[in-house]
Amino acid sequence: MGEEWLRTAQLADASGYSVQQVRDLERLGVIPPAGRAANGYRRFRPEHVLALRAYRGLAVAVGPVVARRVLRDARTLPLPEAAAAVSALHVGLAKERDDAQAAVAALHAIRAEARGALTDTDDDAMTITELADALGVRASTLRFWEQQGLVAPDRVTSYGARRYPVAAIREARITAALRAAGYGIPAVRRTIDAVRRLDGVDDPLDALRERLTAIARRTLALLDAGADFTRLVRG
């Protein structure tokens with residue numbers, strides 16, 4: 001990587017961090033320990049610049065905790081394992097994107113349906129029979145979806161009869177739309193979880209679009225970090 005040594009202030013200028021941040025990130029293991037000059041001052045090498053630039057992108061993409069772990073591991077793992085660690089980050093972001101896109105597709109599907117029997121008001125709570133008939137599925141299918149955590153009805157009688165309020169009806173409609181589109185139970189569960197996290201959001205579709213944009217930015221940050229990470233692990 002060359003023989004040029006950098007002082008702490010020079011490394012800070014080259015990486016875009018402050019002097020104190022450089023010291024903190026060295027202490028946290030994001031960059032290798034600095035060398036020391038005869039006068040005791042820290043001496044850094046160009047690979048420290050690469051590590052800090054890689055950390056910046058990784059922190060945006062996957063958060064600082066994971067970014068620190070990946071960079072610490074990169075100094076000790078064999079090349080195939082270090083490369084696999086970064087590849088796994090891309091897989092994780094792709095999964096987040098797929099889940100959000102599935103949620104968007106499901107919400108589009110249920111918004112496209114004609115309202116009427118399944119209008120979104122508190123007066124439209126349904127029994128299991130009513131909801132099964134409205135969706136064209138068996139009551140046993142709704143019970144199975146409940147067991148899988150896809151639909152959460154209320155229990156309102158001493159016999160445990162199910163009552164499906166608006167939120168549960170929405171979950172059932174999303175589940176039915178995704179299952180009809182060929183999604184497996186694990187994928188549907190991730191989508192339902194994504195939609196549940198939108199509770200209280202005025203427009204879930206807008207929130208999901210914002211999430212997809214954020215994932216896109218994180219993906220680009222990961223790609224940028226990948227170039228520096230590659231040079232770092234190759235030495």
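Predicted model: local features only at pLDDT ≥ 70, side-chain atom pairs only at ≥ 80, totals over all residues.

Reply: The axes of helix H6 (residues 128–135) and helix H7 (residues 139–147) come within 8 Å. They cross at roughly 105°. H6 is therefore roughly perpendicular to H7, since angles of 65 to 115 degrees fall in that class.

Now the residues. H6 brings Ile 128, Leu 131, Ala 132 and Leu 135 to the contact. H7 answers with Ala 139, Leu 142, Arg 143 and Trp 145. By class, the contact of H6 with H7 holds 7 nonpolar residues, no polar ones and 1 charged.

Next, the sheet. It is open and has 3 strands, in the order S3-S5-S4. The pairing is antiparallel. Strand S3 (126–127) and strand S4 (154–155) are the edges, and each pairs on one side only. Between S3 and strand S5 (residues 162–164) there are 2 bridges. Thr 127 has Arg 163 in S5 as its bridge partner.

Arg 162 ties these parts together in the description. Arg 162 sits in strand S5. Its contacts, leaving out residues up to four places away in sequence, include Met 126 and Thr 127. Those two positions make up the span of S3. Asp 154 and Arg 155 are also among the residues that Arg 162 touches, and they span S4. Pro 153 is another contact of Arg 162.

How exposed is Arg 162? Its relative accessibility is 22%, so Arg 162 counts as partly exposed. The cut-off for buried is under 20%.

Two other residues give a buried counterpart. Asp 228 lies in helix H10 (residues 204–234). Its relative accessible area is 11%, so Asp 228 is buried. Its side chain makes a polar contact of 3.0 Å with that of Arg 53. Beyond its sequence neighbours within four places, Asp 228 also contacts Leu 50 and Ala 54.

His 48 is in helix H3 (residues 46–62). At 4% relative accessibility, His 48 is buried. Beyond neighbours within four places in sequence, its contacts are Leu 11, Ile 31, Pro 32, Pro 33 and Ala 34.

Conventions
Residues numbered from 1 in each chain as written. Heavy atoms only, no water. Pairing = 2+ DSSP bridges. Helix = DSSP H or I, 4+ residues; strand = E, 2+ residues; numbered from the N terminus. Buried < 20%, exposed > 50% of the residue type's maximum accessible area, 1.4 Å probe, protein only. Polar contact = N/O pair within 3.5 Å; in protein donor to acceptor, adjacent residues only side chain to side chain. Contact = heavy atoms within 4.5 Å. Axes fitted to C-alpha atoms, helices over the stretch in contact; angles between N-to-C directions. Parallel < 35°, antiparallel > 145°, perpendicular 65-115°, else oblique. Nonpolar A, V, L, I, M, F, W, Y, C, P; charged D, E, K, R; others polar.
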